[in-house]
Amino acid sequence: MKLIYNGPHDAVEVELPDGSYVQTAAGEPAEFPEAVAQSLLQQSTWSAAKAEPTPRKAQKAEEDDA
């Protein structure tokens, strides 16, 4: 799930359950595992990123492949 950090820092680092880290700049979307994302969304400094629209050419190609 993609989230955006909207807090007071320029960037943050989030530790994942496997010990790795996700670094993200404020205002930039970053991908998180579902359970971590749900936990972060409990905080006021995180929000879900809006889904990016599929470009029309890519969408047309997907429809043609179906």
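A nonpolar core is taken here as a set of buried Ala, Val, Leu, Ile, Met, Phe, Trp, Tyr and Cys residues joined through side-chain atoms within 4.5 Å, where buried means under 20% relative accessible area, exposed over 50% and partly exposed in between (1.4 Å probe, protein chains only). The model is predicted, so that local features need a pLDDT of at least 70 and side-chain atom pairs count only at pLDDT 80 or more, while totals for chains, interfaces and linings use all residues. Residues are numbered from 1 along each chain as its sequence is written, and side-chain values use heavy atoms, with hydrogens and water left out.

Confidence was considered first. The predictor's confidence in each residue (pLDDT, from 0 to 100) averages 88 over the protein, and 77% of the residues score at least 70. Helices (H or I, at least four residues) and strands (E, at least two) are DSSP runs, numbered from the N terminus; among these elements, confidence is highest in strand E1, at 98, and lowest in helix H2 (residues 56-65), at a mean of 58.

The protein has two helices and five strands, which follow the pattern β-β-β-β-α-β-α when read along the sequence. Two strands are said to pair if DSSP finds at least two bridges between them. By this criterion, E1 pairs in the antiparallel sense with strand E4 (residues 29-31) over three bridges, with Lys2 standing opposite Glu31 in E4. E1 also pairs with strand E5 (residues 46-48), again antiparallel and over three bridges, and here Ile4 stands opposite Ser47 of E5.

Strands E2 and E3 run antiparallel and are joined by five bridges, one of the facing pairs being Glu15 with Tyr21 in E3. The two strands form a hairpin with five residues between them, and Gly19 in the turn has a positive phi of about 95 degrees.

The largest nonpolar core comprises twelve residues, namely Leu3, Tyr5, Val12, Val14, Leu16, Val22, Ala30, Phe32, Val36, Ala37, Leu40 and Trp46. Strand E1 (2-5), strand E2 (11-15) and helix H1 (34-40) are the elements that give two or more residues to this core, and H1 gives the most, with three residues. When neighbours within four places in sequence are left aside, Val36 is in contact (heavy atoms within 4.5 Å) with Val14, Leu16 and Pro17.

Aromatic side chains were examined separately. Rings of Phe, Tyr and Trp (its six-membered ring) pair if their centres lie within 6.5 Å, with planes under 30 degrees apart counted as stacked, over 60 as edge-to-face and the rest as tilted. Phe32 and Trp46 form an edge-to-face pair, at 5.5 Å centre to centre and 85 degrees between the planes. Because Phe32 lies in the loop between E4 and H1 and Trp46 in strand E5, the pair ties together parts that are 14 residues apart in sequence. Both Phe32 and Trp46 are buried, and ring pairs link Tyr5, Phe32 and Trp46 into a cluster.

Over the whole protein of 66 residues, 23% of the residues count as buried. Among contacts between residues at least 6 apart in sequence, 50% join residues at least 24 apart. The accessible surface (Shrake-Rupley method, 1.4 Å probe; for residues, only the protein chains shown count as cover) comes to about 5,000 Å², of which 50% belongs to carbon and sulfur atoms.
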